[in-house]
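Keep the sequence and the structure side by side.

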Amino acid sequence: DTDMPESSPEEPLPDLDMPNPADHATVDEPECAPASPERLVLNELLANVPPGQEGDANRDGERHAFDDEFIELVNVTAQPLNIRGVMVFNGDKLRHTFAERCVPPYGAVVLIGGPTGAPVRSDGQVSWVSSDTRLSLSNTSGLVRVRAESGALLAHWSYEDAPPRSLVATPELSGRGPAPHPKEAGAFSPGTCAGGGALASRCAQ
């Protein structure tokens, strides 16, 4: 047998401010990958703004021939995409360069013609960004190019005789097209499928 030390009265431990592991718990967030072809697609554009209040595409309460033009880009992958440095051209003219922005899976960024300098609006899934300069999309014919920060071509559309409603990818989210927006579904549908459904539904017909 070994001799056991005499027990001493138990003293209370000092009240230490111990860290709570839960306070430092982190949730791994998906990496925001660079935009690349077939991941970020051109899904809709409006060149010929409809007359009257029907033409209020940017939802500011007024119809404007330039401010209500728009170009919609959609992330068609299950991974967030960073569009920093992505450039939008009308013909050979640079109209906008995106700042740091992470587009969520099946989310969209709607580049609107104006008003220039308006704050970004976002509901978490769709962001509305005012162009650096007027898009100035022609009603008669046009060529829209989207390029990565490196200059690599991400998407492009050419069109002729734009009707007074938007042009959409056919099929939707394919990046191919464009074709006139279905009349029965209204004049345009920035931020949603042509039928009004969420882009996350992948616009299933």
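The paragraphs below take up the core, then a strand, then a sheet.

This is a predicted model, in which local features need pLDDT of at least 70, side-chain atom pairs count only at pLDDT 80 or more, and totals for chains, interfaces and linings use all residues. Residues are numbered from 1 along each chain as its sequence is written, and side-chain values use heavy atoms, with hydrogens and water left out.

Start with the largest nonpolar core, which has 29 residues. Such a core is a set of buried Ala, Val, Leu, Ile, Met, Phe, Trp, Tyr and Cys residues joined through side-chain atoms within 4.5 Å. Buried means under 20% relative accessible area (1.4 Å probe, protein chains only). L45, I71 and F98 have the most contacts inside this core. β12 (153-160) gives the largest share, 4 residues. Strands are DSSP runs of E, at least two residues, numbered from the N terminus. L45 touches F70, I71 and W157, among others; contact means heavy atoms within 4.5 Å.

Now turn to β3 (70-75). All 6 of its 6 residues are buried, so β3 is largely enclosed by the rest of the structure. F70, E72 and V74 lie on one side, and I71, L73 and N75 on the other. β3 runs antiparallel to β2, joined by 6 bridges. β3 also pairs with β8 in the antiparallel sense, over 5 bridges. Two strands pair if DSSP finds at least two bridges between them. L42 has L73 as its bridge partner, while I71 has L111.

Finally, find the open sheet of 3 strands, ordered β1-β4-β7 with mixed pairing. β1 (33-34) and β7 (102-103) stand at the edges with a single partner strand each, so one side of each has no neighbour in the sheet. N82 stands opposite C102 in β7.

Key: Buried < 20%, exposed > 50% of the residue type's maximum accessible area, 1.4 Å probe, protein only. Lists of a residue's contacts leave out its neighbours within four places in sequence.
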